[in-house]
Amino acid sequence: MKQGTRGSAGTYEAAVGAAGAARAAAGPGRRRVPAQPGATDVADSAVRGEHTHSEPAVGPAPAPRAVVQRSSVRGQVLAALRTALVTGDLRPGEVYSAPALGERFGVSATPVREAMQQLALEGAVEVVPNRGFRVVERGARELAELAEVRALLEVPVILRLAHSVPAEQWAALRPLAEATVRAASSGCRATYADADRAFHGAVLGLGGNEQLVGVAGELHRRAQGAVVGGASLVADAHEHMALLDALVAGDVDVVRVLVGEHFGGGAGSEGRG
């Protein structure tokens, strides 16, 4: 048995030696295996748990630079268009072409068209074939409906949170409420629209429901297309302060009255709240 085992080993060693000699005889000019390990070599090494220094970096390939730039431009154009809608620079009922708006913003028509498509999905504009985009006119009925839907979503949440959120968390929102007062006092409707959404979003955010915050935010943005200025904005902002004071104090009865007035007023004054 021992002799048989040695014989087998000798046969194996001879075969390995013969294979090595054959490879050496082939010479470098006939070598077909690349100097660096290929995909198969790397895969085999990975299976064996070996490390190969020539492995390509693992991870997603970076996005092309041009795509990132275009996305950034589109976002900036979208923000500018939203501001123009709130301030009235883009007038309800008027039709605007992407090339003309692109010239106004100093960009090509492509990011303008993409931004306008997003606004069309949000209901702020509508597509006019072969002409451009028409700014949607929101009548009193539509604004009242938006205010009603917002009230159905937000009021129950605020009342529930009034019972459960501690005073210090409400107090942390004071800078946002004060920002709405400053924005209203400045008379800039676009600045107030941003501050108003930020405050309401932060209040709802204390409930931890991101889907609710998103839906309510989009409804809020749609209603702000007809936001009014002057004393109405100032009064609206001061309602934020009064509501926050009641929430900090834990006075649920006062909170109930204030949110009712806040959203009820929104139905009758085009975009408050």
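Q: Is Pro 92 buried, partly exposed or exposed?
A: In this predicted model, Pro 92 lies in the loop between helix H3 (65–87) and strand S1 (95–96). Its relative accessible area is 48%. Buried means under 20% and exposed means over 50%, with partly exposed in between. Pro 92 is therefore partly exposed.

Q: Which residues is Pro 92 in contact with, leaving aside its neighbours within four places in sequence?
A: Pro 92 and Arg 138 are 46 residues apart in sequence, but their C-alpha atoms are 8.1 Å apart in space. Leaving aside neighbours within four places in sequence, the residues in contact with Pro 92 are Val 135, Val 136 and Glu 137.

Q: How many helices and how many strands does the secondary structure of the chain come to?
A: The chain has 273 residues, and buried residues make up 32% of them. Its secondary structure comes to twelve helices and three strands.

Q: At what angle do the axes of H6 and H9 cross, and what is the resulting orientation?
A: Two packed helices are described by the angle between their axes and the distance between the axes. The axes of helix H6 (residues 140–164) and helix H9 (residues 189–205) come within 9 Å and cross at roughly 55°.

Q: How do the residues of the contact of H6 with H9 divide into nonpolar, polar and charged?
A: From H6, the contact is made by Arg 150, Glu 154, Val 157, Ile 158 and Leu 161. From H9, it is made by His 200, Val 203 and Leu 204. These residues divide into five nonpolar, one polar and two charged.

Q: Are H6 and H10 roughly parallel or roughly antiparallel to each other?
A: H6 and H10 pack with their axes 10 Å apart, at an angle of about 150°. Angles over 145 degrees count as roughly antiparallel. H6 and H10 are therefore roughly antiparallel.

Q: How many residues of the contact of H6 with H10 are charged?
A: Among the residues that H6 brings to this contact are Glu 142, Arg 150 and Glu 154, while H10 brings residues including Arg 222. The residues of the contact divide into ten nonpolar and one polar, and the charged residues number four.

Q: Which residues does Val 259 touch, not counting residues up to four places away in sequence?
A: Val 259 is one of the residues with the most contacts inside the largest nonpolar core. Not counting residues up to four places away in sequence, the residues it touches are Val 155, Ile 158, Leu 159 and Leu 243.

Q: What is the phi of Asn 130?
A: Most residues other than glycine have a negative phi. Asn 130 lies in the loop between strand S2 (125–128) and strand S3 (132–135), and it is exposed, with a relative accessible area of 86%. Although Asn 130 is not a glycine, its phi is positive, at about 65°.

Technical notes
Residues numbered from 1 in each chain as written. Predicted model: local features only at pLDDT ≥ 70, side-chain atom pairs only at ≥ 80, totals over all residues. Heavy atoms only, no water. Axes fitted to C-alpha atoms, helices over the stretch in contact; angles between N-to-C directions. Helix = DSSP H or I, 4+ residues; strand = E, 2+ residues; numbered from the N terminus. Contact = heavy atoms within 4.5 Å. Nonpolar A, V, L, I, M, F, W, Y, C, P; charged D, E, K, R; others polar. Core = buried A, V, L, I, M, F, W, Y, C linked by side-chain atoms within 4.5 Å. Buried < 20%, exposed > 50% of the residue type's maximum accessible area, 1.4 Å probe, protein only. Parallel < 35°, antiparallel > 145°, perpendicular 65-115°, else oblique.
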